[in-house]
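User: I am new to this structure. Can you walk me through how to read it?

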Amino acid sequence: MKSMNDFRRKINLYFDNELDNSAKNELMNIIDQDPSCSKIFNKEKMFRDFIKNNVKRPSVSPEFIQNLKSRIDTH
């Protein structure tokens, strides 16, 4: 790994499903071999899981959606 910034960028790409299988395998090998990288990966995973499970997105009314579609259609 060139740098920790590169490693963190790859972690983000991993969680965003932006890595191909080869890059995923390479990342997982690094995580398996380096305890500090494993710690960074696990912290990011825990953070994303927390956000996913605890932050509620506001619901959008059907009227709002229709209003937005109407505005898009007129432009």
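Analyst: This is a predicted model.

User: Which residues make up the largest nonpolar core?

Analyst: A core joins buried nonpolar residues through their side chains. Here the largest one has nine residues: Phe7, Ile11, Leu19, Leu27, Ile30, Ile31, Cys37, Ile40 and Phe41. Helices H1, H2 and H3 each give two or more residues to this core.

User: How many Å should helix H3 span?

Analyst: Count 1.5 Å a residue. H3 runs over residues 35–54, which is 20 residues, so it should span 28 Å. Its end C-alpha atoms are 28 Å apart, and that agrees.

User: Which residues of H3 are buried, and which are exposed?

Analyst: Cys37, Ile40 and Phe41 are buried. Look down the axis of H3: its buried residues fall within an arc of 95 degrees, so they line one face of the helix. On the other side, Pro35, Lys39, Lys43, Met46 and Asn53 are exposed.

User: What covers the buried residues of H3?

Analyst: The cover includes helix H1 (4–15) and helix H2 (21–33).

User: Where does Ser3 lie?

Analyst: Ser3 is in the segment before H1. Its relative accessibility is 35%, so Ser3 counts as partly exposed; buried would be under 20%, exposed over 50%. The side chain of Ser3 reaches the backbone nitrogen of Asp6 at 3.2 Å. Ser3 and Leu27 are 24 residues apart along the chain, with 13 Å between their C-alpha atoms.

Note on methods
Residues numbered from 1 in each chain as written. Predicted model: local features only at pLDDT ≥ 70, side-chain atom pairs only at ≥ 80, totals over all residues. Heavy atoms only, no water. Helix = DSSP H or I, 4+ residues; strand = E, 2+ residues; numbered from the N terminus. Expected span 1.5 Å × (residues − 1). Buried < 20%, exposed > 50% of the residue type's maximum accessible area, 1.4 Å probe, protein only. Arc of directions from axis to C-beta. Contact = heavy atoms within 4.5 Å. Core = buried A, V, L, I, M, F, W, Y, C linked by side-chain atoms within 4.5 Å. Polar contact = N/O pair within 3.5 Å; in protein donor to acceptor, adjacent residues only side chain to side chain.
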